[in-house]
Amino acid sequence: MISRQFVALATLATAVGAQQYHLSMDFSGPNFFEGFKYNESAIDSNNFGNVHFLGQDQALASNLTFVDSNGHAIIKVDNTTNGAGDITFGRNTVYLMSNDLMSIGSLLVFDANHIPFGCSVWPALFTQGQQWPEQGEIDIVEQVNRATKNQYSLHAGSTAGTCMQADNTNQTGTPTATPNNCTVVPENNQNTGCVVQDASDNSFGSGFNSNGGGVYATLWDENGITMWFWERNSVPSGIDTNPDTTKFSTPAAFFPASGCNPSTVFGPQIITLYIDICGAFAGNDQVFQQTCGSVAPNCSALVGDPANYADAYWDINYLRVFTTNTSTATVSPGQGPTATGGDSTSPSSGDNGGNSALSLSVSGTTMMSALALFLGVAALGL
């Protein structure tokens with residue numbers, strides 16, 4: 001009896017430790033853009049950028065989105081049109097939203113060779129609920145102008161209860177505020193969310209691009225929301241096909257469930273990729289002066305010159321979403337979000353979590369199967 005119980009316990013431990021991630025969404029290669037819809041808009045009514053977001057047909061005809069000969073997805077800002085002298089000029093760009101929604105229990109992995117950067121440029125990879133801010137927002141890659149350290153953030157609606165980044169979390173990044181409050185109240189112009197800045201100068205902008213790019217990962221599960229960044233020479237083996245979070249390094253940012261409930265604060269998320277110009281973040285006078293004050297008196301002075309946008313493009317190897325629960329299917333959104341994710345006057349980000357917590361994160365299916373096996377073997381020994 002004892003030996004059989006021992007075998008059953010060993011089987012249980014193996015099942016728990018060897019949880020598998022299953023591919024849920026795959027944006028890569030020639031089909032990269034088939035998973036997105038183009039959020040067409042003549043103006044940027046949410047973030048007040050100097051842009052026009054093009055529809056799919058016009059973006060393809062203008063060569064702003066395409067897959068190159070290496071199978072990389074390219075997303076860029078118009079860098080040929082001269083708008084000098086036109087104070088109303090807005091530069092053509094794109095705003096992509098995934099057709100399917102990402103649910104809790106998901107691991108998003110993003111591999112890029114080049115991130116848009118430069119004075120007035122505001123790129124972002126983030127996820128947002130269909131209702132903003134009530135269903136939350138997770139900012140994975142976001143910075144502006146000539147900054148070199150990425151910022152991670154959460155935005156939570158005021159109706160979802162308290163959402164704060166817990167103190168003394170195990171992360172390599174630095175919170176930009178204490179306490180780090182994730183709640184946004186747009187009518188009070190409280191839109192920042194909770195922000196964590198990456199420690200690496202190669203996590204964004206020129207440093208990222210000259211270093212061969214890198215990989216970002218975001219895990220959204222019952223423990224909280226955890227974010228990592230790896231430079232190209234330190235990307236975990238197998239992360240693109242068989243990721244194992246128990247072997248990941250200390251996260252750059254972690255928002256533990258003890259401060260912000262990941263199940264109630266965030267609804268199913270739309271994956272969003274875009275490039276904005278100026279607007280409420282890059283065009284904020286104080287923010288602009290930090291890295292671009294020597295280039296121009298203000299952000300809008302740069303918009304008309306296409307030469308300023310030679311580096312305003314994404315070069316992406318893949319974006320993949322994995323889940324630990326094989327019964328978790330992707331959800332097709334009905335109508336788009338009532339308001340797009342308010343990447344506002346400053347970015348936000350969160351804590352990173354300890355690997356010990358992550359190693360205990362197991363899907364209910366795996367745990368119950370292993371437990372049933374243990375009980376069955378134990379019963380045989382009675």
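1. The side chains of Arg 91 and Asp 78 meet in a salt bridge, with N and O 3.5 Å apart; the term stands for a side-chain nitrogen of Lys or Arg within 4 Å of a carboxyl oxygen of Asp or Glu. Arg 91 lies in strand 6 (residues 91–93) and Asp 78 in the loop between strand 5 (73–76) and strand 6, so the pair ties together parts that are 13 residues apart in sequence. Strands here are DSSP runs of E, at least two residues long, numbered from the N terminus. Arg 91 is buried, at 0% relative accessible area, and Asp 78 is buried as well, at 9%. Buried means under 20% relative accessible area, exposed over 50%, and partly exposed in between, computed with a 1.4 Å probe on protein chains only.

2. A note on the basis of these values. The model is predicted, so local features need pLDDT of at least 70 and side-chain atom pairs count only at pLDDT 80 or more, while totals for chains, interfaces and linings use all residues. Residues are numbered from 1 along each chain as its sequence is written, and side-chain values use heavy atoms, with hydrogens and water left out.

3. How many salt bridges does the rule give? The count comes to three. Another of them joins Arg 320 to Asp 26, where the closest N and O atoms are 2.9 Å apart. This pair links distant parts of the chain: Arg 320 belongs to strand 21 (residues 313–323) and Asp 26 to strand 1 (residues 22–28), 294 residues apart. Arg 320 is buried, with a relative accessible area of 14%, whereas Asp 26 is partly exposed at 39%.

4. Arg 232 forms a salt bridge with Asp 111, and here the closest N and O atoms are 2.9 Å apart. The two residues are 121 apart and link distant parts of the chain, Arg 232 being in the loop between strand 18 (224–231) and strand 19 (253–256) and Asp 111 in strand 8 (residues 106–114). Is Arg 232 buried or partly exposed? At 28% relative accessibility, Arg 232 counts as partly exposed; Asp 111, at 7%, is buried.

5. Met 227 stands opposite Ala 253 of strand 19.

6. Strand 19 is covered on both faces: Ala 253 and Phe 255 on one side, and Phe 254 and Pro 256 on the other, are all buried. In a regular strand, side chains alternate between the two faces of the sheet.

Methods:
Helices (H or I, at least four residues) and strands (E, at least two) are DSSP runs, numbered from the N terminus. Two strands pair if DSSP finds at least two bridges between them.
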